Amino acid sequence: MAQPPSSPRALLHLLFNGARAVDVVEASLQLGLLDALEPGPVTLGELARRHGLVPGRLYKLMDCLESLGLVTREQPSDALESASYRAVPGLRAAADAVLGPRSLERDREKYAWSELRGRLPEVLRGQHAMPAAAFDWPPRTPEQVEGFEASMAAGLPPILETFRTHGPRLWKHRGRLLDVGGGDGTLAAHLVREHPGLAVDVYNLPATEALVARTRERLGLPPGRLGFVGGDFLKEPLPHGYDALSFVRVLHDWPADTARALLQAAFEALPSGGRVLICEEFRTPERLAAQFFWSYFLIGVDSCVSRLREVEHYLRVLVEIGFTNAAVLPGPFELVVATKP
């Protein structure tokens, strides 16, 4: 597999040219070059003829991709058109996810990150911060609540893929799920549509009820299958009467003791045989890279203590609380499942 240069200087060269690097990958995606490069190999001459491109110019674009570690090259002779290229596995799908029309990175551009740009020394010294009007945590105004929940919904596709993969195991029979902190109900709506025997209630702050109702109406779902329970899990016990409780991208937003208290509340609310589901961006090098925007942005938001934790942390806490049969189900977002004995 191709690797980008690992020296600090080479990495910084690439970072400084980040906007141009994105332009190169975006153009390669739009032109259809990535479809030919993966699986590859394909010669530069073939690429140029197939897409109507100037070979000498295309060669330089391919140098850019190679410098990023996204393609490998073989040059059997000095003739430009004989150079043969192959993309690293998964490049086409990754480019579409990061740069395509439903890109999470594009969605994040709506946040006022420029409030921090060039001022990080002041921010780190406590002399400047993100204005509350631009981003407040927890979100307070209706506009902030709606914007935050819309952003969370935009990031659901990989989570849905994980739930879809393990759905037959999770929802073999009829059941009731409480999606704790379930946003605008987008995840819950997909689950009830894909599993006819499942009913899901979203448990969230009362201010989000209208958002869940809008999701339910947009997808034509009855209230009996997609419901809403208003409350504040920081101040109230979790509701009883459910076969499973899920925390999807919720626990990492809180300090460790708060996250533990929420899992303890889930244990107390569940019946014997009930399950807790945790789907998080567990801490890995890949996830840290994917969360770079939020790591940067939240430098200026002291009220948000969001922190990626290793999956082992949650497994340990679940056992300490009393859950059994804790398992990590694989997927784009790993899913931790445990049972109350």
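Two residues are taken to be in contact when heavy atoms of each lie within 4.5 Å. By this criterion, in the predicted model, T186 is in contact with A153, L156, T215 and R218, its neighbours within four places in sequence being left aside. T186 belongs to helix α11, which comprises residues 186-194. Because its relative accessibility is 11%, T186 counts as buried, the cut-off being under 20%.

Helix α13 spans residues 256-269. Its 14 residues extend 20 Å from the first C-alpha to the last, close to the 20 Å expected at 1.5 Å a residue. The buried residues in α13 are T258, A259, L262, L263, A265, A266, F267 and A269. The cover over these buried residues includes strands β7 (244-248) and β8 (275-279) together with helix α16 (311-321).

The largest nonpolar core contains 45 residues, of which F135, L238, L245, F247, L263, V276 and F297 touch the most other members. Two or more residues are given to this core by each of α9 (142-154), β4 (175-180), β7, α13, β8, α15, α16 and β10 (335-339). The largest share, seven residues, comes from α13. Within that helix, L263 is buried; apart from neighbours within four places in sequence, L263 is in contact with F247, L251, V276, I278, Y314, V317, L318, I321 and F323.

Helix α15 (residues 292-297) includes F292. With a relative accessible area of 57%, F292 is exposed. Although 187 residues separate F292 and E105 along the chain, the distance between their C-alpha atoms is 10.0 Å.

How values were computed:
Residues are numbered from 1 along each chain as its sequence is written. This is a predicted model: local features need pLDDT of at least 70, side-chain atom pairs count only at pLDDT 80 or more; totals for chains, interfaces and linings use all residues. Side-chain values use heavy atoms; hydrogens and water are left out. Helices (H or I, at least four residues) and strands (E, at least two) are DSSP runs, numbered from the N terminus. Buried means under 20% relative accessible area, exposed over 50%, partly exposed in between (1.4 Å probe, protein chains only). The expected span of a helix is 1.5 Å times one less than its number of residues. A nonpolar core is a set of buried Ala, Val, Leu, Ile, Met, Phe, Trp, Tyr and Cys residues joined through side-chain atoms within 4.5 Å.
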